[in-house]
Amino acid sequence: MTINGKTTCLEYFSKTSNIEVLTEPVSKWRNVRGHNPLALMYQDPKRWGITLQTYVQLTMLDRHLSSVSAPVRMMERSIFSAKYIFVENLFRSGKMPEVDFAVLSEWFDWITTNISIPVDLIVYLQTSPQTCYERLKQRCREEEKVIPLEYLESIHHLYEDWLIKQTSFPLPAPVLVIPADHDLQNMLHQYEENRDKILAGSCLL
Ligand SMILES: Nc1ncnc2c1ncn2[C@@H]1O[C@H](COP(=O)(O)OP(=O)(O)O)[C@@H](O)[C@H]1O
Ligand SMILES: O=c1ccn([C@H]2C[C@H](O)[C@@H](COP(=O)(O)O)O2)c(=O)[nH]1
């Protein structure tokens, strides 16, 4: 999901030795050579969706390919969720022209056919759109103030189709589902309970 506690979870595990944590490169999406493609996309998705998602695809690929510095790597999101969820959502909601979707898809297909992107486990922090909406307001990131609940509902359905029903796109790895509508204390307890499974190697979505 989006805005559901991924960074908070990674911060928790980053305190464990032998784990390398790679957070999402969102600071790059907010500032590429002085431009803010994340803000532009939310202001006018039809015009700027392709711009943001091209850059997301590049920066996620860069994260996947960066050299490993610990026995276990935990990564926030992936090149797969960028394509299967966010690009798909823009396209299906009529906010991405067909030609932009086609070009992004060609890039994605080329990358995933020609470059090995191994993922061992997907950890799905499963949250309701309402919870994400509350956390969005709590975090109060300037670019995201325009996000309506309906946007989070669409993203949620795409995630559920992909990771739970498993009816939409191929899964690059098995899925571990952690219900994540709970308060922080409860979440930390669940992370401890799932620690061994998670440390088998994971990618947070
Ligand atoms: N379990 C939780 N209960 C309540 N608030 C939370 C919880 N986990 C995270 N938050 C808060 O929600 C907001 C978004 O969390 P964050 O970890 O940044 O999400 P993400 O990385 O998925 O966007 C932050 O303000 C964070 O402090
Ligand atoms: O491919 C993507 C990935 C993310 N986003 C947006 C969604 C959020 O506004 C930010 C960061 O995501 P978090 O879940 O808060 O970490 O980036 C996107 O538009 N496209």
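A residue is taken as near a molecule or strand if its C-beta atom, placed from the backbone, lies within 6 Å of it. The structure is a predicted model, in which local features need pLDDT of at least 70 and side-chain atom pairs count only at pLDDT 80 or more, while totals for chains, interfaces and linings use all residues. Residues are numbered from 1 along each chain as its sequence is written, and chains are lettered from A and ligands numbered from 1 in the order in which they are written.

The protein chain contains ten helices and five strands (DSSP runs numbered from the N terminus, helices being H or I of at least four residues and strands E of at least two). With a radius of gyration of 16 Å, close to the 17 Å given by the globule rule for 205 residues, the protein chain is as compact as a globular protein of that length (the radius is taken over C-alpha atoms, and the rule is 2.2 Å times the number of residues to the power 0.38). Along the principal axes, the C-alpha atoms of the protein chain fill a box of roughly 45 × 40 × 40 Å.

Around ligand 2 there are 13 residues, of which Thr 2, Ile 3, Val 56, Ala 82 and Phe 86 come nearest. Two or more residues of this shell come from each of α3 (37-43), α4 (45-65) and α5 (79-92), and α4 has the largest share, three residues.

The shell around ligand 1 includes Lys 6, Arg 135, Asp 183 and Met 187. At least two residues of the ligand 1 shell are supplied by each of α1 (6-14), α7 (129-139) and α9 (184-193).
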